Amino acid sequence: PPASQNNEQGSTLRDLLTTTAGKLRLGSTDAGIAFAPVYSTGAASGKSGRTMPNILDDIIASVVENKIPPNRAPKTNVKSEIKDEPKDDKKCIQDDCSKRYSDIQYSWICDKHVLWLRDHKNSNNWKLFKECWKQGRPVLVSGMHKKMNFSLWKAESISLDFGNQQADILNCKDSIISNTNVKEFWDGFEDVSKRQKVKNGETALLKLKDWPSGEDFKAMMPARYEDLLKSLPLPEYCSPEGKLNLASHLPGFFVRPDLGPRLCSAYGVAATKDHDIGTTNLHIEVSDVVNILVYVGIAKGNGVLSKSGVLKKLEEEDLDDLLRKRLKDSSELPGALWHIYAGKDADKIREFLQKIAKEQGLEVLPEHDPIRDQSWYVNKKLRQRLFEEYGVKTCTVIQFLGDAIILPAGALHQV
């Protein structure tokens, strides 16, 4: 309708949602959300036993009951209704939220960019996670392997159960993909002598390409699927049935993103001569991601770095003091090195990589996107240049056995 007609009718969408928020607060879940999800359920949503309201019905009721005249501020103040919300999220983050969350074991790493939840069993973890998630910051939860059946995730166990399967195997150095027997990959997982060799005699750095994934994972590995689901961190957000897992509750007519789960398995670079390559190149996921390190194999054979050699290599990284302390803890087993960047830096990184490609004499097509194509692993020298020339700092995280890394959609990362 024309603007004049709109004004006569009254409330804007902003006004409507503002007046509805306080009302829906009465039917919110234990998680303290202001707006109920857009689905109905027969399950009780809180101590009151009331079922979750349908947001559409509530909005319609609000329109009928509370028409707001134009040019007048709504009477309901959402901030006054939701008293447990902090006045300043950023101030809360910088102050470590120490007073509000004294019952939660946590630390900040990577210059306070990453929240580390140290006790995976604490049922209040989601409250602090929510504050951090609003800021679009990654979160690390440690100790998840303590909830899992470890024997299910051993390399020899997977090889024994599924060695006859065929899968795509990626050579991480030259990006060549071959379809081969899964047993061949697992046989070389901890025995370097059984790994494929490339033309110059070097040991190949191989990765199983998302095998298995999604429904295939559930159908092929039901016991492992159940073990994973019962062990997910922050189930309010990460479980498929979590109250705050919005993607799982999208109506059926939406095209849903691939929510997995998928098994990511790769050899470490410790047995290769070139330590400037990764098993996962720099890329972005379209949905939030939780990645749990369920198993770390100790490779044996000629040319493999000793444990002390691996630790020395990791200590050369730009690490937070707390991560350096974890490296010296004999009870901790490091397994993966992550470099993470905020989504807001994507354009700068894209421009930087195109610049480097031109310097190296590579053809850069107008439609080429180095991040979408996952064609780069940004090594230490390039990470330093990225900071000096574009002001983009790398967040370096070591993932230890049992660590769950939770990344917001749009965060760039390589492993």
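**Strand pairing, a helix crossing and a cavity**

Strand β10 (residues 334-341) and β11 pair in the antiparallel sense over six bridges; two strands count as paired if DSSP finds at least two bridges between them. Strands (E, at least two residues) and helices (H or I, at least four) are DSSP runs, numbered from the N terminus. The structure is a predicted model, in which local features need pLDDT of at least 70 and side-chain atom pairs count only at pLDDT 80 or more, while totals for chains, interfaces and linings use all residues. Residues are numbered from 1 along each chain as its sequence is written, and side-chain values use heavy atoms, with hydrogens and water left out.

β4 (residues 166-171) pairs with β5 (residues 176-181) in the antiparallel sense over six bridges. Gln166 stands opposite Asn181, and Asp168 stands opposite Asn179. The two strands form a hairpin with four residues between them, and Ser175 in the turn has a positive phi of about 60 degrees.

Helices α14 (residues 346-359) and α15 (residues 380-390) cross at roughly 115 degrees, with axes that come within 11 Å. Axes are lines fitted to C-alpha atoms, for helices over the stretch in contact, and angles run from 0 to 180 degrees between N-to-C directions. In the contact (heavy atoms within 4.5 Å), Lys348, Ile349, Glu351, Phe352, Lys355, Ile356 and Glu359 of α14 meet Leu382, Arg385, Leu386, Glu389 and Tyr390 of α15. The contact residues divide into six nonpolar, no polar and six charged.

The largest cavity has a volume of about 70 Å³. A cavity is a set of points on a 1 Å grid over the protein atoms alone where a 1.4 Å probe fits but cannot get out, and lining residues have an atom within 4 Å of a point. The lining consists of Asn171, Lys173, Val198, Glu202, Thr203, Ala204, Leu205, Thr272, Lys273, Asp274 and Ile277.

Definitions and conventions: 1 Å grid on protein atoms, 1.4 Å probe; cavity = no way out; pocket = protein on both sides within 12 Å on 5 of 7 lines; lining within 4 Å. Points joined across faces, edges and corners; volume = space filled by probe spheres on them. Nonpolar A, V, L, I, M, F, W, Y, C, P; charged D, E, K, R; others polar.
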